[in-house]
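Hi everyone, thanks for making time for this. I'd like to walk you through one model, so let me put the sequence and structure up on the screen.

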Amino acid sequence: MTSPQIEIQMIAAVVAVACAIPGVFLILRKMALISDAISHSILPGIVAGFFITQDLNSPLLILLAALTGVITVILVEAIQKTGLVKEDTAIGLVFPALFSIGVIMIAKNANDVHLDIDAVLLGELAFAPFDRLILSGLDMGPKSLWLMGTILILSLGLLFLFFKELKVSTFDAGLSSALGISPIVMHYGLMSVSSVTVVGAFDAVGAILVVALMIAPAATAYLLTSDLKRMLLLSIVFGVFSAIAGYWLAHFLDASISGSMTTVLGVVFLMVYLFAPRKGLLSVLYRQKQQRTEVSLITFLLHLNNHSEEEERHINHLNEHINWQKIRAKTILDLAQKNNMVLIKDEIVFLTEKGKDFTQRALEYIMTNKDDRIEHMKDDFFLFRG
Amino acid sequence: MKNKFAVQVDDLTVAYNYKPVLWDIDLAVPEGVLMAIVGPNGAGKSTLIKSVLGIIKPIAGSVAIYGKPYNKQRKLVAYVPQKGSVDWDFPTTAIDVVMMGTYGSLGWIKRPGLKEKKAALEALEKVGMLAFKNRQISQLSGGQQQRVFLARALVQNASIYFMDEPFQGVDATTEIAIINILKELRKAGKTLVVVHHDLQTVPEYFDWVTFLNVKKIATGPVKEIFNDDNLTKTYGINYKVAINK
């Protein structure tokens, strides 16, 4: 690997981590779309900042542009508060308006400078190593690495200090407010950090990928864990993995780095969506199938329990009586036998003691719907798992 | 009647978009009562609690907790919001939710430690949820979720408890468990203010009641004021319908 290659991957990884952290809280607050709005509406802020500073990596530009991000949030909330439109409509109204102001500003004034719409939308990670930080003649590495590194340390520090506050204000704003942890302060704090991160990242990865980096890793992690800390950690892992894998994909395909990174993010999400152990599509389908089988089993056992007459419990009769197809009837009968719940003597089906006990408890659960009666049965049977 | 008021509300008016939802409320809650707030949907019951707790800013009036503004008395007050007001798919466990009750006394930045964890376990035990402490909250039944919320309020170790429909969507067993805990708290000298929907259980559960429908209709001991006259004033012509719900 050449040193620009390493530098590009480092920048991509740092951007990914910096985006994943606010992304987790945006997802949990159901505000994923806000990151899209911020990433577009900061454009006029960036252009204005660029006219003043003539440097895309200047801290002043970052602050000016981030301010536009926060203004976006305020505008969206103000429109929403009128009660005339819903939040998604308000977002859809605000960010294209601000973005288009930025587009006009570029077209009118910035034709001769390095700032064009393509770069804004998609970014160009490949050029990042060219813009270097030189301190008294010494090459300190790419400017954008320093910039994103600073933003990352800042947001990690805030996350560490205010983890508890972020958690409670995200989960239960009412309680948070009553406890004296102002949800409004936390909300605007998160919005400010998100805006600063988006502005810092957008030069490297563009306005569209930055949204993907914020939302996709967090959404993927959400499918895998029910612990907030682990969700943060997993999002960071997914973000960094996609950043680096995306870089190499672009390298071999000779394609856009940011495009490849987004593609990897999408593929990773798809894989987890399909194969996640608990919330994944396949496991949900499997569980549903299991549940159908178990409901059938209980129906069958209940029938045996309700009828002492032999003719009601003859194998052939059961076949017609419960009105199941042969295969299904056989599966259920086998399942009951395998679990020692029934005995078959001369083609007559009997409930065993275990079968009777199980039926009794299942019945009790269905009638009373009391969880404590089936706590110990949950491991055996999918049906009772929440 | 004692003359010390746990909660005192004066001339409170709250409006959403200039439409008043609470109008000129005067209310004094004596210390040590278990009080129900009843009234039809949209009567402003939740809003009343939220404005006492400073979650909603009133456009007029004032609130005092033991004679001082709420933000000076936060540590004396515990709050159980409506169960439906939070997202139960949030990635966290029962004990973690209960620990949130300690965040107020911890203050900013400081993390909960062993002491807070112990308090949370005790509270979970009190509501019969110790066995579920590490369960993800979306895996709890509605009644269990309500118990976790109650445990979170217990852990605040407050003098006054505000609860927004703690019996909503719970089965009979949980309802009895909850009301027993509330009665125990009252015995221990705590004051409880509970938004309540089931009019039939008011005389059995509560000793104090406030009728509310945008304006305050009446407040006082259940034995004296829980009567047809006040119910009709509060629920209007729909009073019978409300009873049948």
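One definition before we start: helices here are DSSP runs of H or I with at least four residues, strands are runs of E with at least two, and both are numbered from the N terminus. Please also keep in mind that this is a predicted model.

With that in hand, let's go to helix α6 of chain B, which covers residues 142-155 and contains Gln146(B). Is Gln146(B) buried or exposed? Gln146(B) is buried, because its relative accessibility is 2% and the cut-off for buried is under 20%. Leaving out residues up to four places away in sequence, the neighbours that Gln146(B) touches are Val80(B), Lys83(B), Glu165(B), Pro166(B), Gln168(B), Val170(B) and Ile178(B). Take Val170(B) from that list: 24 residues separate it from Gln146(B) along the sequence, while their C-alpha atoms are 7.5 Å apart.

Helix α6 of chain B also holds Phe149(B). Phe149(B) has a relative accessibility of 1%, so it counts as buried too. Its contacts reach into the other chain: with sequence neighbours up to four places away set aside, Phe149(B) touches Phe171(A) and Asp172(A), and on its own chain its contacts include Val80(B), Lys83(B) and Trp88(B). Gly101(B) is 48 residues from Phe149(B) in sequence, with a C-alpha to C-alpha distance of 9.2 Å.

That brings us to the interface. The contact involves 34 residues of chain A and 38 residues of chain B. Together the two chains bury about 3100 Å², and carbon and sulfur atoms account for 59% of that. Which three residues supply more of the area that chain A buries against chain B than any other three? They are Lys164(A), Phe171(A) and Leu179(A), with 24% of that area. You'll remember Phe171(A) as one of the residues touched by Phe149(B).

Now the strands of chain B. β1(B) and β2(B) are antiparallel, with eight bridges between them, and Phe5(B) sits opposite Pro30(B) of β2(B). Their hairpin has two residues between the strands, and Asn17(B) there adopts a positive phi near 50°. β1(B) also runs antiparallel to β4(B), residues 60-65, through five bridges; here Thr13(B) faces Ala60(B).

While we're on backbone angles, Asp11(B) belongs to strand β1 of chain B and has a positive phi near 50° without being a glycine. Asp11(B) is partly exposed, at 41% relative accessible area. Over in chain A, Ser136(A) is another non-glycine residue with a positive phi, about 40°. Ser136(A) lies in the loop between β1 (132-135) and β2 (138-142) of chain A, and its relative accessible area of 77% makes it exposed.

Terms used
Residues are numbered from 1 along each chain as its sequence is written. Chains are lettered from A and ligands numbered from 1 in the order in which they are written. This is a predicted model: local features need pLDDT of at least 70, side-chain atom pairs count only at pLDDT 80 or more; totals for chains, interfaces and linings use all residues. Side-chain values use heavy atoms; hydrogens and water are left out. Buried means under 20% relative accessible area, exposed over 50%, partly exposed in between (1.4 Å probe, protein chains only). Contact means heavy atoms within 4.5 Å. Two strands pair if DSSP finds at least two bridges between them. Buried area is the accessible area (1.4 Å probe) that two parts lose on being put together, summed over both.
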